[in-house]
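Below is a short report on one protein model.

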Amino acid sequence: MELGSIIKFLENKTILVTGATGFIAKIFVEKILRVQPNVKRLYLLLRAEDAKSASQRFHNEVIAKDLFRVLKEKLGENLKPFISEKVTLVPGDITFENLGVNDPKLVEEMWKEVDIAVNLAATTNFDERYDVALHLNTFGAMNVINFAKKCANIQLLLHVSTG
């Protein structure tokens, strides 16, 4: 698939991204927002207790990074409204059913809206305890698959693994 067709494919799509504060996810989110501003919405799943802590993590660990410099320069003072329009932060955890999302209305909304699910959540610590790695990297991936199966408009599930 050529780059132009990928960009076109992402137009008006709603994308769920897990592991949104991770290295690859930050690059993925920045690239989509920069090259396909007509993406419909990004649901970014962040491991967080609530919306406030998800917002703090997103701003401190994602938007504040130099990676977003080009997008900041391109949009200027329109960056904040653009992010608000395109990004929905979702506090959750892939190790739980329904990705640990506690808001049933948000879960239903995501099941109706998500076209693409991108699983980038994982532990990349190769010295991780076995039970922790198994729970996150294996059972977490299964929870993402099960969530994606419930999405009415799902067209693509992309799983990225370090293993």
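## A charge over a ring

The charged end of Lys13 sits over the ring of Phe9, at 4.7 Å from the ring centre. The criterion is NZ of Lys or CZ of Arg within 6 Å of the ring centre and within 35 degrees of the ring normal.

## Basis of the model

This is a predicted model: local features need pLDDT of at least 70, side-chain atom pairs count only at pLDDT 80 or more, and totals for chains, interfaces and linings use all residues. Residues are numbered from 1 along each chain as its sequence is written, and side-chain values use heavy atoms, with hydrogens and water left out.

## The aromatic pair

A pair of aromatic rings is described by the distance of the centres and the angle of the planes. The structure holds 1 aromatic pair. The ring centres of Trp111 and Phe147 are 5.9 Å apart and the planes meet at 45°, so the pair is tilted. Rings of Phe, Tyr and Trp (its six-membered ring) pair if their centres lie within 6.5 Å; planes under 30 degrees apart count as stacked, over 60 as edge-to-face and the rest as tilted.

Trp111 belongs to helix H6 (residues 104-113) and Phe147 to helix H7 (residues 130-149), so the pair ties together parts that are 36 residues apart in sequence. Helices (H or I, at least four residues) and strands (E, at least two) are DSSP runs, numbered from the N terminus. Buried means under 20% relative accessible area, exposed over 50%, partly exposed in between (1.4 Å probe, protein chains only).

## Two nonpolar cores

Which members of the largest nonpolar core touch the most other members? They are Ile15, Leu33, Leu42, Leu44 and Phe58, out of 24 residues. A nonpolar core is a set of buried Ala, Val, Leu, Ile, Met, Phe, Trp, Tyr and Cys residues joined through side-chain atoms within 4.5 Å. At least two residues come from each of strand E1 (14-18), helix H2 (23-35), strand E2 (41-47), helix H3 (51-63), helix H5 (79-86) and strand E4 (116-119). H2 gives the largest share, 4 residues.

Phe58 is in contact with Leu44, Leu46, Ile63, Ile83, Val87 and Leu89, leaving aside neighbours within four places in sequence. Contact means heavy atoms within 4.5 Å. A second, separate core has 19 residues, including Leu45, Leu99, Ala117 and Phe147.

## The largest pocket

The largest pocket holds about 430 Å³ of space. Its lining has 23 residues, and the closest to the pocket centre are Gly19, Gly22, Leu120, Ala121 and Ala122. H2 and E2 each supply at least two lining residues.

The search runs on a 1 Å grid over the protein atoms alone: a pocket is an open set of points where a 1.4 Å probe fits, with protein on both sides within 12 Å along at least five of seven lines, and lining residues have an atom within 4 Å of a point. Grid points are joined across faces, edges and corners, and the volume is the space filled by probe spheres set on the points.

## Loop residues

Glu11 is in the loop between H1 and E1, and Asn12 is in the loop between helix H1 (3-10) and E1. Glu11 is partly exposed at 33% relative accessible area. Glu11 touches Gln36 and Asn38, not counting residues up to four places away in sequence. Asn12 is exposed at 51%. Phi of Asn12 is near 60°, a positive value in a residue other than glycine.

Most residues other than glycine have a negative phi. Asn98 also has a positive phi, near 55°. Asn98 lies in the loop between E3 and H6, and Asn102 is found in the loop between E3 and H6. Asn102 counts as exposed, at 69% relative accessibility. The C-alpha atoms of Asn102 and Cys151 are 17 Å apart, across 49 residues of chain.

Thr88 is in strand E3 (residues 87-92). Thr88 counts as buried at 18% relative accessibility.

Val132 is found in helix H7. Val132 counts as partly exposed at 30% relative accessibility. Val132 and Met142 are 10 residues apart in sequence and 15 Å apart in space, C-alpha to C-alpha.
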